Amino acid sequence: MKDPFNMITCGVGGQGVVRMSNVIGEACARTGLNVLSGELHGLSQRSGSVVIHQRIGKRAISPLVPYGEADVILALEPMEALRYIHFLRPGGTVITNTALTHPPGETSELARKEIDGYVSYDEVVQNIREMGDLIEIDALDLAIEAGNALVVNTVMVGAMTALPDFPVEAEEVRKAIEVSVPKGAVDANLKGFDLGIKAVNE
Amino acid sequence: MALKDVMDTEERDAYMLTNEAVVRAALEADVKVVSFYPGSPQTEILDTFEKVLPHMDDLRMEIATNEKVALETVAGASMVGMRSLTSMKSVGTNVASDALYSLAYTGVKGGCLCLIADDPHCHSSQSEQDGRWFGYTSYLPMLEPSTPQEMADMVRYAFDLSEEFGTIVLIRTTTRVNHQSSIVRLGPLNRTPFEEISWKENRRPYITVGEAARQAKAVLMDKIERMKRELEGSDLNRIVLFDGSELREIEGNEEGPSIGLISAGPCYLYSIESLMKLGTPMKVMKLGVINPIPERLVGEFIKDLDRVIIVEELFPYIEGFVKGIAKDVNPDIEIIGKGSGHFSEALEYNVPIVTRAIAGVTGLDLPFDHEAHLEKAGELASILPARLPLFCAGCPHRATLWSLQRAIRDKENLFLANDIGCYSMACLEPMSWSDSLICMGASMGIGAGAQYAAKEKVVALMGDSTLFHAGLPGIANAVHNNDDITLVILDNAVTAMTGQQSHPANPKGAGGFDARKIDIEGVLKGLGVEKIVNISSYDAIANIRKVKEAIDHDGPAVIISHQECALYHFRNYRHRGGKIVPFRVDKEKCEKAYNCIRDFMCPAISIDEVDGKAQIDPEICVGCGVCARLCGYKAIGSTAVDMGGEDRPYIEVDDYMELAKGGGSQTEKEEGVQKEVSE
């Protein structure tokens, strides 16, 4: 096992980034793996950019992933994956949800004709590919298939669990999901999780 | 939040935020009275206690009006003999410090902890204040943890220390410790019943003035000396050896390298990780006690070293002590820190910063060229638009500020004194305007001075929570002196910025229990404000005239803009069975004037890339309908018409129930439940 296994989890405030990292932390606690996370709360609810550093293993010492050392960037929004791309190690993997969320500031620039158009998905992923491998997940589509459009974040956790280097067994992550999400949403979350795994394996 | 972990009686490992570990450890230590004012990065301590409160009848909690009241509250409980705890953000300690210095003199009885959370990098604060000086200058013991587990251990220990010496114990953190999660070993949770203590059987004076103060000072100085001796031997301060591959104890007569490193808090973690990267052997001293500094221990550590590296954020606090101690024990030692130019006094550190500094000192090559990597990544990311925080969909502040801007027409004609809260974001787009933003409650004081000095009219902003925290003295001052200021009170019912905690103008108190709601208008009338204008925040157009009327008034005038925080309001709305009825753009009518975007910047509104017209994301829109009022082409309307309703906002539960009865479909209700469940 790579020690420490370094992750950056990111997205836009309100997408459920903190819950994603809590599921992984819970799974580590259940497995007896050391885990260390660094996050910033406070402004995350206000459509701002959210990033959480998470490190698994005996040699996980400080809460922040140093620049260029993340094994994986897990992004609920592609622009956020690129925003934190400086954390990715050369040859690391970016798993991103394919749906862009344009910041209102960008819309405002467009309305004022200060820019010609929104940044495109293709531009964003092209730049991500310059730094590492890219796995694209249409998480909304899979979440709807799982029965709840709001389990997008669990679909993405599933996708990460499918990575060969990811140090936690899928079964342990499943158990962590069961105890971390509201009872009424367990089934949809577990289904979403499995669809996320399947999407990477296929 | 893992409530189950905080309250579990099983002794096991749990994944926890440091702020949650504080709560767990305090409960294990049988804390009885807690009080807080919210503020990042320590708010989750309050939030976690609030979640625990309904499950525990042996705990008393208040959300205080400010940090000073919170500290006084827990000190009062401690004087009688109960264990108590408060915590506050760095700048909150400034507010509490008046009480803090006196309480150091009087001492306390029941274990009493005060946590101070600094915020290097100003992630969510107005200054990079270094709270370590509070410990030193008040003669109070101060501990500093690096991890959630250390925090839990220190909290438990600090209660005992507090009672042993009859003193408040301070625990200092920084953002990276408060917001760090890791594995914490849960200890035994044995709560005792809450029983009032007889004061008459325990009476003793807690008085400090004149001769009493002079005597108390002597006692205090003796106390901190005794604590220094005791804490010198504490295992909170550790000396270890990094032998080039791992961290271990120094063996009996092992000499080890002639270079050492002293650190504390998160910087200790960055230092260890840096040493592991570089593989360079070094003696390491970790300080868990940062007041009183264990001078004998530090002296022994540095006396045989050629060089010592001090790694600490902000002030060269530890460095100053080391320099003083070195004069006596090892005057020739090279001290590497801020004074030597190796480290900055600004911003927070991380592993790359510390690695670079240590590599520079030891002459080692950097294991990874961060500069080139950052440059390439920065270039690739430069295509991205910024994603700054902004007012939420449905935020009443957006509407109030929109009306204010229209009322004054030209912001050149005004001095806008802003204050601390969500509305501080008036200084960001789309308003991009504030003339001052200083600290809690400062807008009225700054306004008082500005109205004398400036030719322009002064308008001050203040939230409802800030009003009770530190705003009332400024208002009384303005009324008494007839200062020409128009104050806009943004009454959204909660302390919104930190997560919608209650405050004195909310009918609920800590834990959601009933509390007395204080009427803001009544308070203002009582203070003698003669001109009070009430507005409903969402009535953006109608409010322009009313705001103007208040600004035109000579002398102190107050506009109270009423509308609950959108996050708070619509969460309750959904809990009570309401479903969001979003607005939408009629593409036929949209003329691409973009009034809804340029001046309003609601996160629900974007531009359709196909036809260039505005569009509203129904997942983000909460249906406040303000944008519809601003559209000159009447191109925005409510989806309520599809359910047989009217073209207007449906944002009250009773209102929505009427609409749902009139034709709201079952599937929509089910979606509402799902949305609830996934949050």
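Residues are numbered from 1 along each chain as its sequence is written, chains are lettered from A and ligands numbered from 1 in the order in which they are written, and side-chain values use heavy atoms, with hydrogens and water left out.

The model scores ipTM 0.96 and pTM 0.96. Chain B has an average pLDDT of 95 (the predictor's confidence in each residue, from 0 to 100). In chain B, 97% of the residues score at least 70. Over residues 664–679 of chain B, the pLDDT is below 50. Beyond near neighbours in sequence, this stretch has 24 contacts in the model (heavy atoms within 4.5 Å). Where pLDDT is low, the predicted coordinates should not be read in detail.

Chain A contains eight helices and six strands (DSSP runs numbered from the N terminus: helices are H or I with at least four residues, strands E with at least two). From the N terminus on, the order is β-α-β-β-β-α-β-α-α-β-α-α-α-α. The C-alpha atoms of chain A fill a box of roughly 55 × 35 × 35 Å along the principal axes.

Two packed helices are described by the angle between their axes and the distance between the axes. In chain A, the axes of helix 1 (residues 17–31) and helix 7 (residues 170–180) come within 8 Å and cross at roughly 120° (lines fitted to C-alpha atoms over the stretch in contact; angles run from 0 to 180 degrees between N-to-C directions). Helix 1 and helix 7 of chain A are therefore oblique to each other (under 35 degrees is roughly parallel, over 145 roughly antiparallel, 65 to 115 roughly perpendicular, the rest oblique). Helix 1 of chain A contributes A:R19, A:V23, A:E26, A:A27, A:R30 and A:T31 to the contact. Among the residues from helix 7 of chain A are A:V173 and A:I177.

In chain B, the axes of helix 7 (residues 148–165) and helix 9 (residues 210–232) come within 11 Å and cross at roughly 140°. That makes helix 7 of chain B oblique to helix 9 of chain B. Helix 7 of chain B supplies B:Y157, B:L161, B:E164 and B:F165. Helix 9 of chain B supplies B:K223, B:R226, B:M227, B:E230 and B:L231.

Technical notes
This is a predicted model: local features need pLDDT of at least 70, side-chain atom pairs count only at pLDDT 80 or more; totals for chains, interfaces and linings use all residues.
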